[in-house]
Amino acid sequence: DAEGLLRIKEENQKHYRRAQRHQEKKEKIQKHNRKLGDLVEKKTYDLKTQYEHLANLRRTHILELTSVIFPMEEVKTSMRDPADVSSESDNAMTSSTVSKLAEARRTTYLSGRWVCDDHNGDTSISITGPWIILPNNGDYSAYYNWVEEKKTTQGPDMEHNNPAHTISAALCYATQLVNTLSLILDVNLPKKLCNRQHFAFCVFLCVWCFNSEFCGENLSRHRFTRAVKKLNANILHLCFSQHVNLDLLHPLHTLRNLMYLVSPDTENLGR
């Protein structure tokens, strides 16, 4: 029993010395982890600073791009509310009739269905100049009508102020701007539009169009609508990536969504 007790004591001493060595290793590992933690924290702070610096650079480039090359602004047309005109012509008109006229003014027949639109065509958004505009409500039926008329009319089209020309040019510029923004922001676009450059003549301007689909003269309604949907989807994707307020966005408002995206009030622009 005494020999067994001595043997157990020797084993306990070995275990105690081994535990001391393990404790020393533990302290060294903890010290190393603390150093690594401090280093990671410093690197994280440096990375965050670089991200902020990069975001500021992106923001500066985008604001310069949209103020010098692709300026966009709201163009209001002088239209009077039909409810006001009717009420002036008929003093006996009831308030219910006036409200119904105002409600009818806020609706638009678009692609076979009635949609609510507060602007109802009174407001357009221009890009690169006041003469290149898009309807705010997303109604591009002027382009469809132009294509149908060209199919039945022989000879060159001399109507340079045709709204279909401005729609085509504005969509070309919008596509070029979206592609440039995706490169600056380093955001991959979900929809691929034709990026082949070619020379196009739109509204007395010789422009490099990055989307040959919109500049095609014989573009069918199906192809045109499909390309517009792709463009709107890319714009919304960029807006989502920059945390634009969702209450401001509308799936049909092409240039207005772009205006919200590149607005100086967008806090997360460049993230």
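**Helix H8.** I started with H8, residues 254–261: six of its eight residues are buried, so the rest of the structure largely encloses this helix. Buried here is under 20% relative accessible area, exposed is over 50%, and partly exposed is in between (1.4 Å probe, protein chains only). Helices (H or I, at least four residues) and strands (E, at least two) are DSSP runs, numbered from the N terminus. I listed the buried ones in H8 as Thr254, Leu255, Arg256, Asn257, Leu258 and Leu261. They pack against strands S1 (72–76), S4 (123–127) and S5 (133–135), plus helices H5 (163–185) and H7 (221–241); contact means heavy atoms within 4.5 Å.

**Ground rules.** I'm working on a predicted model, where local features need pLDDT of at least 70 and side-chain atom pairs count only at pLDDT 80 or more, while totals for chains, interfaces and linings use all residues. Residues are numbered from 1 along each chain as its sequence is written, and side-chain values use heavy atoms, with hydrogens and water left out.

**Core.** Next I looked up the largest nonpolar core, which has 46 residues; Ile127, Tyr143, Leu171, Leu181, Phe224 and Leu258 have the most contacts inside it. Such a core is a set of buried Ala, Val, Leu, Ile, Met, Phe, Trp, Tyr and Cys residues joined through side-chain atoms within 4.5 Å. H5 gives the most to this core, with twelve residues. I then checked Ile127: leaving out residues up to four places away in sequence, its contacts include Phe70, Tyr173 and Leu255.

**Aromatics.** I found three aromatic pairs. Rings of Phe, Tyr and Trp (its six-membered ring) pair if their centres lie within 6.5 Å; planes under 30 degrees apart are stacked, over 60 edge-to-face, the rest tilted. Phe70 and Tyr173 have ring centres 6.2 Å apart and planes at 70°, so I noted them as edge-to-face. Phe70 is in the loop between H1 and S1 and Tyr173 in H5, so this pair ties together parts 103 residues apart in sequence. Both Phe70 and Tyr173 are buried.

Tyr140 and Phe224 are also edge-to-face, at 6.3 Å centre to centre and 85° between planes. Tyr140 sits in the loop between S5 and H4, and Phe224 in H7, 84 residues apart. I read relative accessible areas of 3% for Tyr140 and 0% for Phe224. Tyr140, Tyr143 and Phe224 form one aromatic cluster.

**Surface.** Last, I looked at Leu54 in H1 (residues 2–69). Leu54 is partly exposed, at 34% relative accessible area.
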